[in-house]
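Biologist: I would like to learn how to read a model like this one, feature by feature. Where do we begin?

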Amino acid sequence: MKNKKLILCLAITLFVCLIFSATAFAAGTGDVAGAIESTWKDASSQIKTVVNKVIFPAIDLILAVFFFAKLGTAYFDYRKSGQFEWTGPAILFACLIFTITAPTYIWIILGL
């Protein structure tokens with residue numbers, strides 16, 4: 001009974017995949033690489049815009065929150081022990097500077 005349910009479930013899944021899938025063909029010449037390159041050329045500007053306006057600012061926000069939280073905890077540790085630990089805040093600050101300036105040079109590196 002268990003095997004029948006498993007086979008039925010797999011058959012239904014296969015049937016749904018076959019019904020909703022579409023076969024993609026390259027242009028009449030069969031040039032798959034050319035089709036991929038033209039799709040990339042069309043989509044690269046949209047990808048670049050989304051990364052510059054959404055992804056990098058989100059990463060910057062997360063790193064800024066972590067940086068200030070780590071700076072606060074390092075200060076409270078300093079008040080307790082008298083020794084300020086710079087490693088955590090320095091690493092987070094360096095990462096923050098890296099991601100803030102990344103949109104100016106990342107696209108040159110990637111060739112876009």
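Biologist: What share of the residues in the protein is buried?

Modeller: This is a predicted model, so read every value as computed from it. A residue counts as buried when its relative accessible area is under 20%. Here buried residues make up 12% of the 112 residues.

Biologist: Which secondary structure does the protein have?

Modeller: Three helices and zero strands. Along the sequence the pattern reads α-α-α. The radius of gyration is 25 Å, well over the 13 Å that the globule rule gives for 112 residues, so the protein is more spread out than a compact globule. The C-alpha atoms fill a box of roughly 70 × 50 × 20 Å along the principal axes.

Biologist: Now the core. Which residues make up the largest nonpolar core?

Modeller: Start with the general idea. In soluble globular proteins, nonpolar side chains tend to be buried together. In this model, the largest nonpolar core has five residues: Leu-63, Ala-64, Phe-67, Leu-92 and Leu-96. The largest share, three residues, comes from H2.

Biologist: And which residues make the nonpolar surface patch of about 660 Å²?

Modeller: Leu-8, Ile-12, Phe-15, Val-16, Ile-19 and Phe-20 make that patch. Take Phe-15, which lies in helix H1 (residues 2-20).

Biologist: Is Phe-15 buried or exposed?

Modeller: The cut-off for exposed is over 50% relative accessible area. Phe-15 counts as exposed because its relative accessibility is 53%.

Biologist: How accessible are Cys-9 and Cys-95?

Modeller: Cys-9 is partly exposed, with a relative accessible area of 46%. Cys-95 is partly exposed as well, at 34%.

Biologist: One last position. Where is Gly-72 placed?

Modeller: Gly-72 sits in helix H2. Its relative accessibility is 25%, so Gly-72 counts as partly exposed. Now compare sequence with space. Gly-72 and Pro-89 are 17 residues apart in sequence, and their C-alpha atoms are 9.3 Å apart in space.

How values were computed: Residues are numbered from 1 along each chain as its sequence is written. This is a predicted model: local features need pLDDT of at least 70, side-chain atom pairs count only at pLDDT 80 or more; totals for chains, interfaces and linings use all residues. Side-chain values use heavy atoms; hydrogens and water are left out. A nonpolar core is a set of buried Ala, Val, Leu, Ile, Met, Phe, Trp, Tyr and Cys residues joined through side-chain atoms within 4.5 Å. Buried means under 20% relative accessible area, exposed over 50%, partly exposed in between (1.4 Å probe, protein chains only). Helices (H or I, at least four residues) and strands (E, at least two) are DSSP runs, numbered from the N terminus. Patches are made of residues with over 30% relative accessible area and no salt bridge: like charges are joined within 9 Å, nonpolar side chains (Val, Leu, Ile, Met, Phe, Trp, Tyr) within 5 Å. Accessible areas come from the Shrake-Rupley method with a 1.4 Å probe; for residues, only the protein chains shown count as cover. A salt bridge is a side-chain nitrogen of Lys or Arg within 4 Å of a carboxyl oxygen of Asp or Glu. The radius of gyration is taken over C-alpha atoms; the globule rule is 2.2 Å times the number of residues to the power 0.38.
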